[in-house]
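Please find below a colleague's note on the model under review. The structure is shown first, and the remarks come after it.

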Amino acid sequence: MNAAPEKALVLLSGGQDSTTCLYWALDRFGQGAVSSIAFDYGQRHRVELECARRVAADAGVAHVCLPIDTFAALGGNALTDATVEVDDRASADSGLPNTFVPGRNLIFLTYAAAYAYQHDIGHLVTGIAQTDYSGYPDCRQATIASLQETLRLGMESDVHIHAPLMQRSKKETVELARDLNALDAMRLTHTCYNGRRPPCGECPACRLRAKGFAEAGIPDPLLADP
Ligand code: ZN
């Protein structure tokens with residue numbers, strides 16, 4: 001069994017949550033022990049990948065972007081398929097909104113674990129949270145615990161998956177970003193499901209973000225300096 005070196009790999013999407021997690025990892029593991037990874041899965045909004053790069057550069061951490069083109073080929077969801085309009089209401093069939101990309105977080109974490117294994121990194125950090133979301137089943141604590149166990153078995157490692165936002169509301173995530181001095185980096189992040197900068201303010205992702213900042217009583221730096 002491989003030992004787990006105290007290095008961390010942050011799954012960085014360029015959004016508010018993963019950016020907060022990057023600063024959580026820097027606080028916990030220290031500058032020099034943290035790197036970040038993004039996935040080009042054919043997302044319609046390419047701005048996400050650019051935001052991830054900028055957030056990483058701004059924080060002074062190494063960043064890699066890996067291609068996964070299968071999700072776009074699968075189609076059928078609003079994040080990779082331009083013919084599907086974002087709708088955060090649960091569908092009658094699946095009970096999930098059409099922004100759910102089946103398998104996405106499972107695949108991301110698996111590739112991240114493989115990358116970490118090859119680079120002697122013992123800790124993965126993901127911004128997924130089971131609160132405040134649309135009920136995505138791959139954002140549940142039980143899913144993450146199960147996947148961690150599978151990865152440990154399948155890679156003969158003791159990889160840790162950290163999801164520091166798992167039980168936090170959006171308000172609490174904003175407060176955490178403030179406490180970690182990550183608010184400044186929020187101006188570089190991207191949240192809007194419609195891919196707009198400045199954000200559209202109307203899509204489910206924009207509304208959730210705005211609600212979190214409003215409840216925390218903190219102005220969103222992205223809106224002050226888009
Ligand atoms: Zn929006």
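The numbered points below cover the basis of the model, the fold, the metal site, the cores, the salt bridges and the backbone.

1. Basis of the note. The model is predicted, with local features requiring a pLDDT of at least 70 and side-chain atom pairs counting only at pLDDT 80 or more, while totals for chains, interfaces and linings use all residues. Residues are numbered from 1 along each chain as its sequence is written, and side-chain values use heavy atoms, with hydrogens and water left out.

2. Overall fold. The protein contains 8 helices and 5 strands; helices (H or I, at least four residues) and strands (E, at least two) are DSSP runs numbered from the N terminus. Along the sequence the order is β-α-β-α-β-α-α-β-α-β-α-α-α. Of the 226 residues, 52% are buried, where buried means under 20% relative accessible area, exposed over 50% and partly exposed in between (1.4 Å probe, protein chains only). Among contacts (heavy atoms within 4.5 Å) between residues at least 6 apart in sequence, 72% join residues at least 24 apart.

3. Zinc site. The zinc ion has four protein donors, namely the SG atoms of Cys-192, Cys-200, Cys-203 and Cys-206, at 2.2 to 2.4 Å. Donors are N, O and S atoms within 2.8 Å of the metal (3.2 Å for Na, K and Ca); water is not among the atoms, so sites may look incomplete. The site is tetrahedral, with angles of 103 to 117° among its 4 donor atoms; four donors count as tetrahedral if all angles lie between 85 and 135 degrees. Along the chain the donor spacing reads C-x7-C-x2-C-x2-C. Cys-203 is buried, at 5% relative accessibility, and Cys-206 is buried too, at 7%.

4. Helix 7. This helix spans residues 204-216, has 13 residues and reaches 18 Å from its first C-alpha to its last, close to the 18 Å expected at 1.5 Å a residue; the expected span is 1.5 Å times one less than the number of residues. Its buried residues include the zinc donor Cys-206, as well as Leu-208, Phe-213 and Ala-216. The buried residues of helix 7 pack against helix 1 (16-29), helix 6 (170-179) and helix 8 (221-224). Just after helix 7, Gly-217 has a positive phi of about 70°.

5. Nonpolar cores. A nonpolar core is a set of buried Ala, Val, Leu, Ile, Met, Phe, Trp, Tyr and Cys residues joined through side-chain atoms within 4.5 Å. The largest has 34 residues, of which Leu-22, Tyr-23 and Val-34 touch the most other members. Two or more residues each come from strand 1 (8-11), helix 1, strand 2 (34-40), helix 2 (47-59), helix 6 and helix 7. Helix 1 contributes the most, with 7 residues. A second, separate core of 33 residues includes Val-101, Ala-116, Leu-147 and Ala-163. Not counting residues up to four places away in sequence, Tyr-23 touches Asp-58, Ala-59, Leu-180, Asn-181, Ala-182 and Ala-185.

6. Salt bridges. The structure holds 8 salt bridges, each defined as a side-chain nitrogen of Lys or Arg within 4 Å of a carboxyl oxygen of Asp or Glu. Arg-46 pairs with Asp-40, the closest N and O atoms being 2.6 Å apart; Arg-46 is partly exposed at 40%, as is Asp-40 at 21%. Arg-53 and Glu-50 form another salt bridge, at 3.2 Å from N to O. Both lie in helix 2, 3 residues apart, about one turn of the helix. An α-helix has 3.6 residues a turn, so residues three or four places apart point the same way. In a further pair, Asp-184 meets Arg-187 at 3.6 Å, N to O; Asp-184 is exposed at 55%, whereas Arg-187 is partly exposed at 24%.

7. Most residues other than glycine have a negative phi, and most peptide bonds are trans. The peptide bond from Arg-197 to Pro-198 is cis, with omega near 0°, and Pro-198 lies in the loop between helix 6 and helix 7. Asn-181, found in the loop between helix 6 and helix 7, has a positive phi of about 55° although it is not a glycine; Asn-181 is exposed at 65%. Asp-120 also has a positive phi of about 55° without being a glycine. Asp-120 lies in the loop between helix 4 (104-118) and strand 4 (123-125) and is exposed at 52%.

Terms used:
Tetrahedral: all angles 85-135°; square planar, octahedral: opposite > 155°, others 65-115°.
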